[in-house]
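Visitor: I would like a close look at a single part of this protein, please. Could you take me through that part slowly and then show me what surrounds it in the whole?

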Amino acid sequence: MAEEAEPAAVDARLRAYIDGIGKREPAHLAANRGVTEASGAAHLQVSPRQGQLMALLVALAEARRGIEIGVYAGYSTLWLAQAIGPSGRILACDHDAEITARAQTDWAAAGMADRIDLRLGDALTTLNAEVAAGMAGAYDFAFIDADKSRYLDYYERCLALVRPGGLIMADNTLWYTRVADPACNDDETEAIRAFNRYLADDERIDLSVLVLGDGLTLARKR
């Protein structure tokens with residue numbers, strides 16, 4: 001049987017059509033995204049389509065406790081905080097006090113600040129402390145979007161902290177298509193390739209890699 005046909009590319013016209021029938025980005029999210037885009041750093045945050053999908057997945061799972069590794073200006077955090085509801089909590093890990101200060105301002109303006117526990121510092125140290133504190137299996141989901149060289153370490157900590165049936169999401173797993181280009185052998189590309197190969201062989205999870213944004217990998221812990 002032939003493989004399912006897929007569009008060769010999502011061009012501007014098709015993307016506009018998709019947004020016209022499916023995009024539901026609240027005003028506070030659009031404002032946060034707009035500031036980041038105006039600064040020239042749009043590539044450091046997820047797209048509205050990706051944020052909307054992640055929020056939908058989290059809501060479908062009725063998740064209440066999550067982890068985010070890599071906050072930046074807090075756009076994806078807002079999507080996730082909206083999905084978990086008033087009783088939910090997100091452990092948000094980042095090392096940049098300056099840019100996360102803007103994130104905190106926007107979280108407060110959106111009424112989401114009490115759902116987000118920002119931990120500044122080394123993310124692995126924060127995650128290791130959670131494991132040591134007996135939080136293994138206590139989280140419903142995790143989203144990884146930070147330094148690519150440590151994706152495997154982040155993944156293993158998240159796999160320990162997420163409950164069976166929980167979801168781990170990883171961004172940038174197609175890395176601007178460089179992962180499929182044999183001529184690209186820089187450290188970040190090789191790190192993403194290693195991460196992708198590792199998950200492909202990991203029998204502890206169910207796996208799907210989506211052609212969305214810069215690649216979104218979904219891993220459900222068995």
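Guide: Glu188 belongs to helix H8, which covers residues 187-200, and, as this is a predicted model, what follows describes computed values. With a relative accessible area of 42%, Glu188 is partly exposed, a label that applies because this value falls between the limit for buried, under 20%, and the limit for exposed, over 50%. On the surface, Glu188 gathers with Asp147, Asp186 and Asp187 in a patch of negative charge.

Although Gly66 and Ile168 are 102 residues apart along the chain, their C-alpha atoms are separated by 9.6 Å.

Turning to the whole, the secondary structure of the protein comes to eight helices and seven strands. The radius of gyration is 17 Å, close to the 17 Å that the globule rule gives for 222 residues, so the protein is as compact as a globular protein of that length. Along its principal axes, the C-alpha trace spans about 50 × 40 × 35 Å, and buried residues make up 43% of the 222 residues in the protein.

How values were computed:
Residues are numbered from 1 along each chain as its sequence is written. This is a predicted model: local features need pLDDT of at least 70, side-chain atom pairs count only at pLDDT 80 or more; totals for chains, interfaces and linings use all residues. Side-chain values use heavy atoms; hydrogens and water are left out. Patches are made of residues with over 30% relative accessible area and no salt bridge: like charges are joined within 9 Å, nonpolar side chains (Val, Leu, Ile, Met, Phe, Trp, Tyr) within 5 Å. Accessible areas come from the Shrake-Rupley method with a 1.4 Å probe; for residues, only the protein chains shown count as cover. A salt bridge is a side-chain nitrogen of Lys or Arg within 4 Å of a carboxyl oxygen of Asp or Glu. Lys and Arg count as positive and Asp and Glu as negative; His and the chain ends are not counted. The place of a charge is taken as NZ of Lys, CZ of Arg, CG of Asp or CD of Glu. Helices (H or I, at least four residues) and strands (E, at least two) are DSSP runs, numbered from the N terminus. Buried means under 20% relative accessible area, exposed over 50%, partly exposed in between (1.4 Å probe, protein chains only). The radius of gyration is taken over C-alpha atoms; the globule rule is 2.2 Å times the number of residues to the power 0.38.
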